[in-house]
2 protein chains.
Amino acid sequence: MRFVLVGGNTETARIDGISAAGATPEGMAHTPSADLEIVTYGQPVSTRTVPVSPSGCPTPAVVTRAVFELLGFERLAVDSGLACSTSAPTVSIGVGPGQDVRDATPLPSAAEAFETARRLGRQLPDERLMVGETVPGGTTTALGVLTALGERPTVSSSLPENPLALKEAVIEMALDVSELSPGDTAGEPVKTLKCVGDPVLATVAGLAVGATESGTDVTLAGGTQMAAAAALVRHFGIDDALSLATTVFVLEDESAAIEELANDLAVDVTVTDPGFDAHDHPAMNAYVAGEAKEGVGMGGALALADRADATMAAVREQVIAVYDRLLDRGNDR
Amino acid sequence: MRFVLVGGNTETARIDGISAAGATPEGMAHTPSADLEIVTYGQPVSTRTVPVSPSGCPTPAVVTRAVFELLGFERLAVDSGLACSTSAPTVSIGVGPGQDVRDATPLPSAAEAFETARRLGRQLPDERLMVGETVPGGTTTALGVLTALGERPTVSSSLPENPLALKEAVIEMALDVSELSPGDTAGEPVKTLKCVGDPVLATVAGLAVGATESGTDVTLAGGTQMAAAAALVRHFGIDDALSLATTVFVLEDESAAIEELANDLAVDVTVTDPGFDAHDHPAMNAYVAGEAKEGVGMGGALALADRADATMAAVREQVIAVYDRLLDRGNDR
């Protein structure tokens, strides 16, 4: 098993009120690079800034790192359009950050990114891949992808109150400028990505297609963004089994409708509850209050812990250990 | 502890008879990229070609990977001038392959590479780094560096018979074209790298300097190339403890004079004998016959195994397992 984390940026995240994956718009640009470092090293190393939401909720990278420290699985970080450099070792897909989804072609190199990722997915020798993402603004492009493909247009949010009306307005503009109506790109995943996607979705979908083609089991680790990636895989014509592992926080978000969405796409869903309500701790309270919910493969990492018979109490203790280490070190939060 | 593997290329390797780090000159260009993949994945993944010497000796990456499979240490691969792309995740130093050492400035961006690596060395949060290399032709540039710095000009070879006269002739030309005499760049490590170095030496030296500056213990994993890196660190003015971990095959190569060289540089040496003469196996016979000797951090990996109380018998069994897996899969050898 290899845990693959795909990081990148999209200018879509700069739209006011769209994302909570960073304390400020500038901070948000650094979030994916810092997330890859936290999962790799246990702390950001090229910056001292730990990604937090505007209200102070720490990045889900803390949870993924905590599970890694308990289980010690193999990892691979993929640079698919990072706006800021990272000191985490990455395989580069050779694509830059995505443009604003309201541009006509926010991802002009969608085909190249998808094919490069597909080749990488075919190459990896593992029997099983778990694929997660870190891309601020990613649920909005996911909504664009689901809408353009004609799938159920439901997505979650890193904010406690999903700004769904805002996202829908953005995607209406995005489709308009691309001269598309909902469902117009059904069966055309690459065109979909080019017109309303982001580089991370292109790479996750390409990896999943390539890995599946070479007989590797794929679990998509995340919520509605990963469901959008699954939709791209299905519209590419792949009918093989596909799994999704997410958190109870996404399940409880009615605007996400993750079970219905997964059911539409014939995707098995595993939901894990880390039991964060058992603690009163700044690393967990915001999740209980409905923030963040998912990201950085958190739901997949929790599923791995569960399967390895690590207790959620042990996971929580390790989350606190990672968080306290970050807090000791950070000085910009 | 983190095992850092720095890969890159130098056109110097194209000089006929200089290196055995590949079956052909074209193969040699792929060797570092494939070595990083073997250590990361247990096999090359972006190519099916396993690096072997012209006589068929498999790359020392097999040994480093075998020890990793036994011990499971943290790794970091660094791209410092790879000529061919790799599907191993890397941190990139942002430098291209080195030119022929007989050019006036085979490494024009020596200062940038050294400083980027130094910054990375400072950033890494580990208490201990072990740093290895993979760069065909690297002992020739190492001879250039030692000579220009005025240190003992002795280097080992991946060939059973060290083509030392050829290397010395190459370095004489290299110094001439740079208008240098032996010892002329003492105290000037960056100028030395620029005039007679390669990108891997620049990065290994920069990493060692940066890590030492931030209180990290550094062990250089390799033979005379790593001694040349140690010389660069010393000429930068770093007096802290520095260790070198190499194989018995380098120790037994009189042309390497590794103990004298290390002694000159106040570097502690650990020598490990993997006991390859206990087997009659194609993964080991060539080493016993004096080929390869070192590389891809092999000596450091063996020292880690020794310290972890893994027996050399267990290491040898794992070397055979890794080799057989490569052989099963490869079809171009």
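A:Ser214 is partly exposed in the predicted model, because its relative accessibility is 36%. The residue sits in the loop that runs between helix H7 (199–213) and strand E5 (217–221) of chain A. Leaving out residues up to four places away in sequence, A:Ser214 touches A:Gly121 and A:Arg122. A:Pro136 is 78 residues from A:Ser214 along the chain, and their C-alpha atoms are separated by 30 Å.

Helix H7 was also examined in chain B. B:Thr212 belongs to this helix, which spans residues 199–213. B:Thr212 has a relative accessible area of 10% and is therefore buried. Its contacts, apart from neighbours within four places in sequence, are B:Val218, B:Ile238 and B:Asp240.

The overall architecture of chain A was considered next. Its secondary structure comprises 13 helices and 7 strands. The C-alpha atoms occupy a box of roughly 50 × 40 × 35 Å along the principal axes. Of the 333 residues in chain A, 64% are buried. Contacts in chain A between residues at least 6 apart in sequence were also classified by separation. Of these, 80% join residues at least 24 apart.

At the interface, 20 residues of chain A contact 20 residues of chain B. The buried area between the chains is about 1500 Å². Carbon and sulfur atoms give 53% of that area. A:Tyr41, A:Pro89 and A:Gln123 supply 32% of the area that chain A buries against chain B, more than any other three residues.

The rule finds 5 residue pairs in polar contact between chain A and chain B, both residues being at pLDDT 80 or more. Four elements of chain A each give two or more residues to the side that touches chain B: helix H1 (25–41), strand E2 (74–79), strand E3 (90–92) and helix H3 (110–123). E2(A) provides the largest share, 4 residues. By class, this side of chain A has 11 nonpolar, 6 polar and 3 charged residues. The salt bridges between chain A and chain B number 2. In one of them, A:Glu74 pairs with B:Arg75, and the closest N and O atoms are 2.9 Å apart.

Over all chains, the count comes to 22 salt bridges. A:Glu11 and A:Arg14 form one of these, with the closest N and O atoms 3.2 Å apart. A:Glu11 is partly exposed, at a relative accessible area of 32%. A:Arg14 counts as exposed, at 51% relative accessibility.

In chain B, the side chains of B:Asp126 and B:Arg2 meet in a salt bridge of 2.8 Å, N to O. This pair links distant parts of the chain, 124 residues apart. B:Asp126 lies in the loop between helix H3 (110–123) and strand E4 (128–134), whereas B:Arg2 lies in strand E1 (residues 2–7). B:Asp126 is buried, with a relative accessible area of 13%. B:Arg2 is buried as well, at 2% relative accessibility.

A further salt bridge joins the side chains of B:Glu69 and B:Arg325 (2.9 Å, N to O). B:Glu69 is partly exposed, with a relative accessible area of 25%. B:Arg325 is likewise partly exposed, at 33% relative accessibility. Through shared partners, salt bridges join A:Arg2, A:Glu74, A:Asp126 and B:Arg75 into one network.

Backbone angles were examined last. Most residues other than glycine have a negative phi. A:Val296 has a positive phi, near 55 degrees. This residue is found in the loop between helix H11 (285–288) and helix H12 (298–307) of chain A. A:Val296 counts as buried, at 2% relative accessibility. B:Asp309, not a glycine, also has a positive phi, of about 65 degrees. The loop that holds B:Asp309 lies between helix H12 (298–307) and helix H13 (312–329) of chain B. B:Asp309 counts as exposed, at 68% relative accessibility.

Note on methods. Residues are numbered from 1 along each chain as its sequence is written. Chains are lettered from A and ligands numbered from 1 in the order in which they are written. This is a predicted model: local features need pLDDT of at least 70, side-chain atom pairs count only at pLDDT 80 or more; totals for chains, interfaces and linings use all residues. Side-chain values use heavy atoms; hydrogens and water are left out. Contact means heavy atoms within 4.5 Å. Buried area is the accessible area (1.4 Å probe) that two parts lose on being put together, summed over both. A salt bridge is a side-chain nitrogen of Lys or Arg within 4 Å of a carboxyl oxygen of Asp or Glu. A polar contact is a pair of N or O atoms within 3.5 Å; within protein, one must be able to donate a hydrogen and the other to accept it, and residues adjacent in sequence count only if both atoms are side-chain atoms. Ala, Val, Leu, Ile, Met, Phe, Trp, Tyr, Cys and Pro count as nonpolar, Asp, Glu, Lys and Arg as charged, and the others, Gly among them, as polar. Buried means under 20% relative accessible area, exposed over 50%, partly exposed in between (1.4 Å probe, protein chains only).
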